[in-house]
Amino acid sequence: MKELALHILDIAQNSIVAGATLIRIGITEDMQGDLLHMTVEDNGKGMPSEMVERVMNPYTTSRTTRRVGMGLPLLHDACRAANGMLTIESAVNEGTRVLATMQLSHIDRQPLGDITGVIVLLFSANPSIDFVYSHIRNGNSYIFDTREVKELLEGIPLNTPEVIKSIREMIASNLDEL
Ligand SMILES: Nc1ncnc2c1ncn2[C@@H]1O[C@H](COP(=O)(O)OP(=O)(O)OP(=O)(O)O)[C@@H](O)[C@H]1O
Ligand SMILES: [Mg+2]
């Protein structure tokens with residue numbers, strides 16, 4: 001079974017390909033409302049509305065000469081399997097927002113997986129892109145913002161091994177405390 005963290009990696013990869021310079025990743029776990037929300041929001045090149053339709057329904061668009069990707073459809077399937085849905089909002093030259101919802105307690109809801117590892121991988125492999133990761137669990141929140149960390153580091157690159165290691169530990173322990 002796939003993990004939600006790996007879906008986030010796929011969806012953020014789309015944002016990177018779309019030329020985003022800022023990518024916001026948000027996860028909300030709400031036990032009371034029995035809801036899980038995941039968002040990936042970027043300032044990349046965006047998509048026209050007919051493109052949004054097409055990426056949401058790849059199975060219905062047979063006979064296209066263009067290759068149809070699987071990142072968004074697989075997340076769409078994961079949402080539906082857990083009583084939720086996928087929404088894509090996009091504007092050309094402005095950016096894209098992908099929102100996935102799921103029923104938190106649903107038996108077929110995929111586990112979160114190694115979200116810390118995915119965030120670390122994203123910012124260390126893409127030093128020129130800024131990432132804001134916010135995680136809300138039952139009203140408690142943690143926000144990691146590469147722009148703030150870069151300022152604190154005063155010129156030391158974010159992707160040096162020591163920095164990566166300490167950021168990984170920082171994110172993991174903050175998530176543990178949520
Ligand atoms: N954030 C985004 N900004 C602009 N275009 C996007 C974005 N996300 C998806 N798209 C467009 O939708 C298409 C489908 O995305 P999807 O992730 O489903 O497949 P893919 O990235 O083409 O292939 P795969 O993910 O299987 O490697 C992309 O090729 C891209 O054209
Ligand atoms: Mg993709």
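Visitor: Does α4 pass α6 in a left-handed or a right-handed crossing?
Guide: The crossing of α4 past α6 is right-handed, meaning that the near helix is turned clockwise from the far one by less than a right angle. This is a predicted model, in which local features need pLDDT of at least 70 and side-chain atom pairs count only at pLDDT 80 or more, while totals for chains, interfaces and linings use all residues. Residues are numbered from 1 along each chain as its sequence is written, and chains are lettered from A and ligands numbered from 1 in the order in which they are written.

Visitor: At what angle do those two helices pack?
Guide: Helix α4 (residues 115-125) packs against helix α6 (residues 161-177) at about 145 degrees, and their axes are 10 Å apart. Axes are fitted to C-alpha atoms over the stretch in contact, with angles running from 0 to 180 degrees between N-to-C directions; helices are DSSP runs of H or I with at least four residues, and strands are E runs of at least two.

Visitor: And which residues of α4 meet α6?
Guide: From α4 come Thr116, Ile119, Val120 and Ser124, and they meet Ile164, Ile167, Arg168, Ile171, Ala172 and Leu175 of α6. Contact here means C-beta atoms, placed from the backbone, within 7 Å.

Visitor: Switching to the sheet, what is the strand order?
Guide: Six strands form an open sheet with mixed pairing, in the order β3-β4-β2-β1-β5-β6; pairing requires at least two DSSP bridges. Because β3 (86-91) and β6 stand at the edges with a single partner strand each, one side of each has no neighbour in the sheet.

Visitor: How many bridges join β5 and β6?
Guide: Strands β5 (residues 130-137) and β6 (residues 140-145) pair antiparallel over six bridges, and His135 has Tyr142 in β6 as its bridge partner. Their hairpin leaves two residues between the strands, and Asn138 takes a positive phi near 50 degrees there.

Visitor: What about β2 and β4?
Guide: Strand β2 (residues 35-42) pairs with β4 (residues 95-103), again in the antiparallel sense, over eight bridges, and Glu41 has Arg97 in β4 as its bridge partner. Helix α5 (residues 146-153) also packs on the sheet, where it touches β5 and β6 and its direction makes about 60 degrees with that of β6.

Visitor: Which residues have the most contacts inside the largest nonpolar core?
Guide: Ile8, Ala12 and Ile119 do, within a core of 32 residues. Such a core joins buried Ala, Val, Leu, Ile, Met, Phe, Trp, Tyr and Cys residues through C-beta atoms within 7 Å, buried meaning 20 or more other C-beta atoms within 10 Å.

Visitor: What is Ile8 in contact with?
Guide: Setting aside neighbours within four places in sequence, Ile8 is in contact with Ile25, Met38, Val40, Ile115 and Val118.

Key. Two residues are in contact if their C-beta atoms, placed from the backbone, lie within 7 Å. A residue is buried if 20 or more other C-beta atoms lie within 10 Å of its own, exposed if 12 or fewer, and partly exposed in between; C-beta atoms are placed from the backbone.
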